[in-house]
Amino acid sequence: MTEHFDVIVAGAGPAGAQCARDLAQRGHDVVVLEVEGEDEFPKQSNKSTAGTFSSMMAAFGIPDDVVMNYTDNVVLESPNEHFVQEQPGAVLEFADFKRFLVEDGREEGAEYWFESRVSKPIMEGNEIVGVRHSGNQEVYGDIIVDATGPSAPLAKSLGVSNLKRENQAIGVEYELDGVDMDCDGYADLTDAMMLRLDHELAPGGYSWIFHTGEDTAKVGLCYIQNESHHDYAKDGMGIDDYMQYWLDNDPRFESAERIPGKQHRGSAHIQMPGSLSTDNFMAVGDTVPTIDPLWGEGIHTGMKSGRAAAITADRCFMTGESDTSADKMSIYNKLWHGDVAPQMRTRLLMTQLLYLAENERYDTLVRDLKRIGSDVRSNANAGKIRGILELLHWEDIPLLKRFAKEQLPL
């Protein structure tokens, strides 16, 4: 017998699992196809630093038992400066968080098929009507949601995804104990999440320390394969070499040791998405491009994108005869640009410009953040032009010219 569902979701990450969770709660038949095995889930996809803010926890009903540590502040470090902002948040145990979303969705009625690798769409004419997975297995649905992140096999087959390797970010994170969270000469990172802009440690990217309780922390770095990485990278050094270099040279890690089995790796793409939907189809997740330029926070946008997809599907099913045409599915595009990632283009340009700046400019940025008010900081982080202008100097003209040249090559 051919299996048919209202909605098929490919990928059990935060976006996909939240989409399924919402749809099941609304009474729709939904199945999630996940490539990993259930017993070890999420072994391969346990990649996130898992720092989030209280707004996400409250909006999506996330329980305390998936939280490693509640934090009070976010800290931005440059090579010689630091800025502290009060911002309640939580560092999640990402694996527990993902398992919670799966189990809660199941309780609402969602089905999960583990060890189901999605390979390609099943087409009728020009429209997707199902998914081929696990070799020659098939499943059909009225709406298909690709929530597989950068791999996006369905989105790519349908011409929705247009990811380019030169925009790829790669990262690594260790969980350490014995970290000095209040080291002389540095900001107090007790109950804090810290991001550091420093090309010496992460050329063309950033590094981080997220306090997870007592003397333990998540410590990692990532860089983007951009012009700054080409300019500042050290010959022969890869992501693990930079990580070791940081651990060897930062006094906060003098007595630190890696916690066995607690190493995470991942990649993402830093670019504007292409199309987000077409007939019977939506692409969600991979929301790294939507992160706040200054503070990050991709989990919340991922969850919001999953919810926006669920709202869209629900609206398509509301009428007597469901309408899953491209026109109706475009509701997701509007929700994404309006609620999930407002001012997306400006925020992404600000993020790209930030990674292009020199180390000395990072020190100036941190001093500026101390100088300007919280409203201006919020506006800049939200991608509003007035707030961004407050952070620019006449001395930035060469940087802006270089940025413009790279964005608009002749």
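Buried means under 20% relative accessible area, exposed over 50% and partly exposed in between, with a 1.4 Å probe and protein chains only. The model is predicted, so local features need pLDDT of at least 70 and side-chain atom pairs count only at pLDDT 80 or more, while totals for chains, interfaces and linings use all residues. Residues are numbered from 1 along each chain as its sequence is written, and side-chain values use heavy atoms, with hydrogens and water left out.

**View 1. Trp 246 and Phe 253 as an aromatic pair.** Phe 253 has a relative accessible area of 4% and is therefore buried. Trp 246, at 1% relative accessibility, also counts as buried.

**View 2. Aromatic rings across the protein.** Rings of Phe, Tyr and Trp (its six-membered ring) pair if their centres lie within 6.5 Å; planes under 30 degrees apart count as stacked, over 60 as edge-to-face and the rest as tilted. By this rule the protein holds 7 aromatic pairs. Phe 5 and Trp 113 form an edge-to-face pair, because their ring centres are 5.7 Å apart and their planes stand at 80°. This pair links distant parts of the chain, with Phe 5 in strand S1 (residues 4–10) and Trp 113 in strand S6 (residues 111–114), 108 residues apart. Helices (H or I, at least four residues) and strands (E, at least two) are DSSP runs, numbered from the N terminus. Phe 5 and Trp 113 are both buried. For Trp 246 and Phe 253, the centres are 5.2 Å apart and the planes at 85°, so this pair is edge-to-face. One aromatic cluster is formed by Phe 41, Tyr 112 and Phe 114.

**View 3. Charges over the rings of Tyr 245 and Tyr 174.** A charge sits over a ring if NZ of Lys or CZ of Arg is within 6 Å of the ring centre and within 35 degrees of the ring normal. Lys 234 lies over the face of Tyr 245, 5.0 Å from the ring centre. Over the ring of Tyr 174 sits the charged end of Arg 258, at 3.8 Å from its centre.

**View 4. Leu 154 in helix H4.** Helix H4 covers residues 153–157. Leu 154 counts as buried because its relative accessibility is 0%. Setting aside residues up to four places away in sequence, Leu 154 touches Ala 10, Val 118, Lys 120, Pro 121, Val 131, Ile 144, Asp 146 and Phe 281; contact means heavy atoms within 4.5 Å. Between Leu 154 and Val 131 there are 8.3 Å, C-alpha to C-alpha, and the two are 23 residues apart in sequence.

**View 5. Asp 368 in helix H11.** Helix H11 spans residues 359–371. With a relative accessible area of 5%, Asp 368 is buried. Beyond four places in sequence, Asp 368 touches Arg 361, Leu 391 and His 393.

**View 6. The largest nonpolar core.** A nonpolar core is a set of buried Ala, Val, Leu, Ile, Met, Phe, Trp, Tyr and Cys residues joined through side-chain atoms within 4.5 Å. The largest has 50 residues, and Val 7, Met 56, Ile 62, Leu 92, Phe 97, Tyr 112 and Ile 143 have the most contacts inside it. Helix H7 gives the most to this core, with 7 residues. Of the 19 residues of H7, 14 are buried, so H7 is largely enclosed by the rest of the structure.
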